[in-house]
Amino acid sequence: MRTGFPDFRLGSVLATSFTGTLSERHGNAVERIPTPHRLIDWLAVNGLDVDSCTTAQLDLARELRESIHAAATAAAIQGALPASAVQVINDRSAQGRAAAILTPEGERRWRLSSASCVEDALSVIAADAISIIAGERAGKLALCASPTCQAAFFDTSQSRTRKWCDMNTCGNRQKKARFNAHQRKNPRSAE
């Protein structure tokens, strides 16, 4: 893994983890795939190894990321899916070559051929986005309650009432802010 870059925020859902490569969208945005090599790293961490990535392919990846974010956000608030986002997701899904495989543990994984390129990996991410936005999987799309984040995430909790995209970052930050506000309001409660 290359050093000097912000850590990846990995989740259990490929498409929403991919949208998390740009975090704090409504605050000081953090770009987690600023270079083609960093996209290669993210794909590798997610089992979608490719040998190379050009700046143009990085641009395609970012366009897909933003399209998934726009469509997932619309789905989370039960709004109309943006036509341009749907078109990008569908185009990326159709342009790749990947095969679904079954692991000995009974899980589905994606296999890219040895000659695979970034577009093949993007097709897997787009297909994953289609399955969650179309409601084919158990869970629901939601938006992070952090006012600076508001990332779309896929809530698979039993009650489907999760508030934050990531408890260790956004959730912890919000809880700290509430605690500190309470301490300022009631300074003697800390004694």
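This is a predicted model: local features need pLDDT of at least 70, side-chain atom pairs count only at pLDDT 80 or more; totals for chains, interfaces and linings use all residues.

Modeller: A term to start with: a nonpolar core is a set of buried Ala, Val, Leu, Ile, Met, Phe, Trp, Tyr and Cys residues joined through side-chain atoms within 4.5 Å. Buried means under 20% relative accessible area, exposed over 50%, and partly exposed in between, with a 1.4 Å probe and protein chains only.

Biologist: OK, so which residues have the most contacts inside the largest nonpolar core?
Modeller: Phe-18, Leu-39, Leu-64 and Ile-125 do, in a core of 35 residues. At least two core residues come from each of α1 (14-19), α2 (36-45), α3 (55-76), α4 (83-95), α5 (118-133) and β6 (152-155). Those labels are DSSP runs numbered from the N terminus: helices are H or I with at least four residues, strands are E with at least two.

Biologist: Which one gives the most to this core?
Modeller: That's α5, with nine residues.

Biologist: What is Ile-125 in contact with?
Modeller: Contact means heavy atoms within 4.5 Å. Leaving aside neighbours within four places in sequence, Ile-125 is in contact with Leu-14, Ala-15, Phe-18, Trp-42, Leu-43, Leu-48, Leu-64 and Ile-68.

Biologist: Let's switch to α3. How many residues does α3 have, and how far does it reach?
Modeller: α3 has 22 residues and reaches 31 Å from its first C-alpha to its last, close to the 32 Å expected at 1.5 Å a residue. The expected span is 1.5 Å times one less than the number of residues. Buried residues of α3 include Leu-58, Ala-61, Leu-64, Arg-65, Ile-68 and His-69. After α3 comes Gln-78, with a positive phi near 60°.

Biologist: At what angle do α3 and α5 pack?
Modeller: About 0°, with their axes 11 Å apart. The axes are lines fitted to C-alpha atoms, for helices over the stretch in contact, and angles run from 0 to 180 degrees between N-to-C directions. α3 and α5 are therefore roughly parallel to each other; the cut-offs are under 35 degrees for roughly parallel, over 145 for roughly antiparallel, 65 to 115 for roughly perpendicular, and oblique for the rest.

Biologist: Which residues make that contact?
Modeller: Among them are Leu-60, Ala-61, Leu-64 and Ile-68 of α3, and Leu-122, Ile-125, Ala-126 and Ala-129 of α5.

Biologist: Now α2. Why call α2 largely enclosed by the rest of the structure?
Modeller: Because seven of its ten residues are buried. The buried ones are Pro-36, Arg-38, Leu-39, Ile-40, Asp-41, Trp-42 and Leu-43, and they pack against α1, α3 and α5. Just after α2, Gly-47 takes a positive phi of about 75°.

Biologist: Where is Glu-24?
Modeller: Glu-24 is in the loop between β1 (22-23) and β2 (30-31). Its phi is near 55°, positive in a residue other than glycine. At 11% relative accessibility, Glu-24 counts as buried.

Biologist: What about phi of Gln-150?
Modeller: Near 55°, again a positive value in a residue other than glycine. Gln-150 sits in the loop between β5 (140-143) and β6, and counts as partly exposed at 33% relative accessibility.

Biologist: How many residues apart in sequence are Ser-23 and Gln-150?
Modeller: They are 127 residues apart in sequence and 8.8 Å apart in space, C-alpha to C-alpha. Ser-23 lies in strand β1 and is buried, with a relative accessible area of 3%.

How values were computed:
Residues are numbered from 1 along each chain as its sequence is written. Side-chain values use heavy atoms; hydrogens and water are left out.
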